Amino acid sequence: MASLKLIQLWNKKSTSFYRSLFRRNLTSATSISDKASFPGYKGEFSTELQFIYPENNSQIQCYRVMNRKGNIIDPSHEPQFDHKTLLNMYTYMNLLAKFDIIMYEAQRQGRISFYMQNHGETAAQIGSAAALDSQDLIYAQYRESGVLMYRGFTIQQFCDQIYGNSNSSCKGKQMPVHYGSKEFNFVTISSPLATQIPQAVGSAYAYKRKQNGLCVITYFGEGAASEGDAHAAMNFASVFDVPLIFFCRNNGYAISTPVKEQYRGDGIAARGPAYGIVTIRVDGNDLFAVYNATRAARQIAIKESRPVLIEAMTYRLGHHSTSDDSTAYRSVDEINLWEKGDNPMNRFRNYLFRKGILNEKIEEELTEEHRKMIMESITKSERTKNMKPTEMFLDVFDRPSQSLLKQQNEFLDHLKQNKEHYPLDTYEKL
Amino acid sequence: MNIAAKKLFKSVNVLVFKSSKNGLHVTKVAPSTVQMTVRDALNSAIDEELARDQKVILIGEEVAKYDGAYKVSKGLFAKYGETRVIDTPISEMGFTGIAVGAAMAGLKPVCEFMTFNFSMQAIDQVVNSAAKTYYMSAGQVSVPIVFRGPNGSALGVAAQHSQCFAAWYSHVPGLKVVSPYSSEDAKGLLKAAIRDPNPVVCLENEIMYGVSFPMSQEALSSDYVIPIGKAKIERPGKHITLIGHSRAVQFCLEAAAEMEKMGVECEVLNLRTLRPLDEEAIINSIKKTNHLVTVEQGWPQYGVGAEIIAKIMESEAFNYLDAPIYRVSGADVPLAYAKSLESNSLPTAQNVIKSIKKSLNIN
């Protein structure tokens, strides 16, 4: 009863209130001159009971510089690289493509336990890597070998890491493809998806405090973007105003899950503005578009001290990993369509051919040189001794604890007594 | 995390510790003895380390403007500002990940969980990233970080606010775990944790926050650091050893005082650190007393007591035992809310006394 009275009173009050407004502003029945000033919303009121249907919003467009044939669409967007740099970029793409094929085979032959290919996404990798400062910190997912390669990590270093031998950067402690390099400012890759994203925010916060003129970039797939970490990271990055680039490789599949089963709405890019993050969607198969976008994003991140989201649209041409056969969930025809119709390397290759920077002869020489380099590196990695077994007790803490030393001593005693049963000659000397 | 639950939780504690919230930082009792609450000891540890090292930051929900859900960070935001004492949006996973990333980039974050129960939201960042990255990167990426906050049961806050995570975090290679009992412990261990280049989990106890302890002149110094990995004999004795950590040390001491009346001299060992465990101190004490009772507030299965017993079985101390070892622990149930159920689920000095008598075969 009491509540009914209240409602009546409210109706009465509001009717006269709106009437008075109407008198004042006859031209607009829906806009109200007094503005909302809630802690969480400051803006206009509306009298329209209107829901937002996201499908009615226009899609975020996809920025590109080259078309699928490698023709520049608007010359003012063509980056001004010298021929050497352009050829260099292609060299990395070619090398990575060759490396992918050979390492995949090496896994199938049982030489290595695991590998992950980059096929189809090398433009997104090389284009973004080229736009960064070599001191910018990278938190990668696992399909960014090209980024690390562009920084200077050699094929020998890649091979040694994959073989986990005594020359490997992680001393045989981290699984293949989970590279890490202090020298190249590339944080050791973490297997649980998306954990790197909030960590990148934390590092960007540290960089912001240092005022070192650098930024942090974190890579992730559209599947990882479904993890809670991704949400927390984007929200926190926005709130903390950190110089960070979120680089999402939307390659169509999270192992077998296609994008249409991964999310609703306009992809990952649509989430950026909702967090208050500057956002762009780019054609991830267009090396120049990725380069321009990343370069501009870097400027915004550092100059304005705020995060930027790049969603690079691409297609995973390879399997998810050597543990996957993607033809179980997508047709060979589909893969071929992308392989032939929208292949980032072919697009860049066409561009270089047209410019006269690349020709079949140079290409053949490059491919042969790369094949040789990779085979030699594999041979060397296979001949390199295993890390000495006592290494397993190190790097748990900055200094081994008493209990670790005790374990190590027990282990050494055991080895001493049973050395004839172990292939100790394949290990580094104890 | 449910905000409503957090707010409720906070208001309960503000009421419980109303007096100390408004109380003095340090109360002088006698010229040479100073009394200090565990809360103030923790506060001074963070304060001193913030002053000592520009790389140290405090990060968490409500740690800055609100002075911490339990007022442990009282006054620090006012003193050091928003670049050193940082409030975050609600997400344990988010701020823990950020703290880990900040540590990887060279800062020394002190990451506060409003309670360790909520750290479950972030345990991937603690275990998979903080604890393992130094190893996985072969020493290339270090994570100098402290995860701290109240752990274990408080009063009337039921199952999701009362769990002890001592066994969980102590299980993980790459983590160090400290668990202070007194104000000296709290200050010295937290300072050591902040200075340590490895990730350290500091398991505090909400009930102990408001308890005052004497602080020695040494402990009042800004250089006071307790070595991680060393236990402390709180009370020497020759008939039986009682081992506890955090609030359980109090039950051991109460039981020891009671047993003294019967002529039984208990040695009380305060573990202080759970990983690395001070095996030497444990073994030496057993060699002296030949009897042992372990006391913890957490669940028994795979717990701290279980680990101590296993370590003894693997050492020469086993040969010195004159009786089986007894464990006193929380009941093997999620903690209930109702007072009657709650108090019956938690160990008390009476339980310890009963176990001592069993071990020594006296009535």
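Six strands of chain A line up as an open, parallel sheet in the order β3-β9-β10-β6-β5-β4. Strands here are DSSP runs of E at least two residues long, helices are runs of H or I of at least four, and both are numbered from the N terminus. Two strands pair if DSSP finds at least two bridges between them. The edges of the sheet are β3 (62-63) and β4 (137-139) of chain A, each of which pairs on one side only. β4(A) runs parallel to β5 (residues 216-221) of chain A, and three bridges link the two. One of the partners is I217(A) in β5(A), bridged to I138(A).

A word on the ground rules: this is a predicted model, where local features need pLDDT of at least 70 and side-chain atom pairs count only at pLDDT 80 or more, while totals for chains, interfaces and linings use all residues. Residues are numbered from 1 along each chain as its sequence is written, and chains are lettered from A and ligands numbered from 1 in the order in which they are written.

**How the chains divide**

Domain bounds come from an automatic or database domain assignment.

| Chain | Domains |
|---|---|
| Chain A | domain 1 (20-50), domain 2 (62-383), domain 3 (389-426) |
| Chain B | domain 1 (3-220), domain 2 (232-360) |

In chain A, the C-alpha centres of domain 2 and domain 3 are 38 Å apart. In chain B, the centres of domain 1 and domain 2 are 26 Å apart. The two domains of chain B meet through 23 residues of domain 1 and 25 residues of domain 2, where contact means C-beta atoms, placed from the backbone, within 7 Å. On the domain 1 side, α8 (166-170), β7 (176-178), α9 (183-195) and α10 (206-209) of chain B each supply at least two residues. That side has 14 nonpolar, seven polar and two charged residues. In this count Ala, Val, Leu, Ile, Met, Phe, Trp, Tyr, Cys and Pro are nonpolar, Asp, Glu, Lys and Arg are charged, and the others, Gly among them, are polar.

For chain A, the record puts "domain: Dehydrogenase E1 component" at residues 92-389. That span is 48% helix and 11% strand, with its end C-alpha atoms 35 Å apart. For chain B, the record lists "domain: Transketolase-like pyrimidine-binding" at residues 36-211. This stretch is 39% helix and 16% strand, and its end C-alpha atoms are 8 Å apart.

Chain B has 16 helices and 15 strands, and its C-alpha trace spans about 60 × 50 × 45 Å along the principal axes. Buried residues make up 56% of the chain. Buried means 20 or more other C-beta atoms within 10 Å of a residue's own, exposed means 12 or fewer, and partly exposed is in between, with C-beta atoms placed from the backbone.

Where the chains touch, 35 residues of chain B are in contact with 36 residues of chain A. On the chain B side, α5 (92-104), α6 (123-131) and α7 (133-136) each supply at least two residues, and α5(B) gives the largest share, nine residues. By class, this side has 17 nonpolar, 17 polar and one charged residues. Among the buried residues of α6(B) are D124(B), V126(B) and A130(B). Their cover includes α6 (196-210) of chain A, together with α5, α7 and β6 (146-150) of chain B.

**A few local details**

In chain B, R275(B) and P276(B) are joined by a cis peptide bond, with omega about -5 degrees. P276(B) is in the loop between β13 (273-275) and α13 (279-289).

Q211(A) is not a glycine, yet its phi is positive, about 55 degrees. This residue is in the loop between α6 and β5 of chain A and counts as exposed because it has 10 C-beta neighbours inside 10 Å. I255(A) also has a positive phi, near 45 degrees. I255(A) lies between β7 (253-254) and β8 (257-258) of chain A, in the loop, and is partly exposed, with 14 other C-beta atoms within 10 Å.

Methods. UniProt positions renumbered as here; feature names shortened; annotations may be inferred.
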